[in-house]
Amino acid sequence: MPLPKISEARELSDEKLAEEIVSLKKQLFQLRLQKATRQLEKPHQFKHARHRLAQLLTVETERKQASSQPTQESN
C-alpha cells in the first residue's frame, strides 16, 4: 500500500479534514494499544497513519494561515 499523496488531503473540505484528523488520532491510539498488548500484526500501519496525520495537519495549518493573512490592496 503506497503512502497517500498530500494532493488528496488538499481536496478535502474543512469538515472532512477535521474528521480525518480525529479518526487518525484514534487509529494511532488503537495501534499503540495493540502494540502494548502484543496484538499488532502490521507494524507498517504506524508509518502510514503518522504520515497521513502529518499531511492533514499541514493542510489544516496552511488553511489557517491563509485565512488569517490580511489581503493586500494594490495602489
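Author: Gladly! Leaving aside residues up to four places away in sequence, Gln55 touches Pro4, Lys5 and Ile6, where a contact means heavy atoms within 4.5 Å. Gln55 itself sits in helix α3, which covers residues 44–68; helices here are DSSP runs of H or I with at least four residues, strands are runs of E with at least two, and both are numbered from the N terminus. Is Gln55 buried or exposed? Gln55 is buried, because its relative accessible area is 9%; buried means under 20%, exposed over 50%, and partly exposed in between, using a 1.4 Å probe and protein chains only.

A word on the source: this is a predicted model, in which local features need pLDDT of at least 70 and side-chain atom pairs count only at pLDDT 80 or more, while totals for chains, interfaces and linings use all residues. Residues are numbered from 1 along each chain as its sequence is written, and side-chain values use heavy atoms, leaving out hydrogens and water.

Now for the setting of Gln55. The chain has three helices and zero strands, in the order α-α-α from the N terminus. Its radius of gyration is 16 Å, well over the 11 Å that the globule rule gives for 75 residues, so the chain is more spread out than a compact globule; the radius is taken over C-alpha atoms, and the rule is 2.2 Å times the number of residues to the power 0.38. Along the principal axes, the C-alpha atoms fill a box of roughly 65 × 20 × 15 Å. Of the 75 residues, 20% count as buried.
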